[in-house]
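User: Hi, I'm new to reading protein models and would like to go through one with you. Could we start with charged pairs and then look at how helices pack?

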Amino acid sequence: SARVSSGPWLSLSSKIIREDFLQQNGYSSYDRNCPFYKTSWMLRCIVHFYEEAQRAINDSSADHKVTWGHIRACMPKILYGLSSMKFQNPSDGEDKLRAFFKQFHEEITQAFRNLDD
């Protein structure tokens with residue numbers, strides 16, 4: 001099976017982790033504090049995207065090769081979602097945020113299923 005070139009993923013993942021996961025804005029209501037459930041769900045979605053992307057790339061056939069470029073082109077909504085998860089406001093309540101993140105996690109799964117079709 002083909003090995004994944006880490007260059008494009010390292011660039012994308014470092015941006016997501018640095019700017020969208022670690023960087024906080026203490027002046028904003030959504031980012032003033034980040035409860036553990038929000039932190040863990042954000043990281044869970046990032047890791048899920050990465051694992052699904054690795055699987056799609058490694059399992060693709062020579063005549064239908066999946067690349068990071070292909071994933072980026074086919075999934076702008078998912079990539080935007082990864083970058084905007086931080087805007088979920090903890091003041092909306094834990095149940096609402098958990099529901100949002102579970103739904104987004106499923107959207108990631110579905111996007112990769114559609115990529116295989």
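User: How many salt bridges does the count come to?

Analyst: Quick background before the count: this is a predicted model, where local features need pLDDT of at least 70 and side-chain atom pairs count only at pLDDT 80 or more, while totals for chains, interfaces and linings use all residues. Residues are numbered from 1 along each chain as its sequence is written, and side-chain values use heavy atoms, leaving out hydrogens and water. Side chains of opposite charge can pair when their charged atoms come close. The rule here asks for a side-chain nitrogen of Lys or Arg within 4 Å of a carboxyl oxygen of Asp or Glu, and by this rule the count is four.

User: Does lysine 77 count as buried or exposed?

Analyst: Buried means under 20% relative accessible area, exposed means over 50%, and partly exposed is in between (1.4 Å probe, protein chains only). Lysine 77 has 59% relative accessibility, so this residue counts as exposed.

User: Which residue pairs with arginine 98?

Analyst: Look within helix H5, four residues away, about one turn of the helix. The salt bridge there has an N to O distance of 2.7 Å. Arginine 98 is partly exposed at 30%, and its partner, partly exposed at 37%, is glutamate 94.

User: How are H2 and H4 oriented to each other?

Analyst: Helix H2 (residues 36-59) and helix H4 (residues 76-84) pack at about 150 degrees, with axes 10 Å apart. Axes are lines fitted to C-alpha atoms, for helices over the stretch in contact, and angles run from 0 to 180 degrees between N-to-C directions. Under 35 degrees is roughly parallel, 65 to 115 roughly perpendicular, over 145 roughly antiparallel, and the rest oblique. H2 and H4 are therefore roughly antiparallel.

How values were computed. Helices (H or I, at least four residues) and strands (E, at least two) are DSSP runs, numbered from the N terminus.
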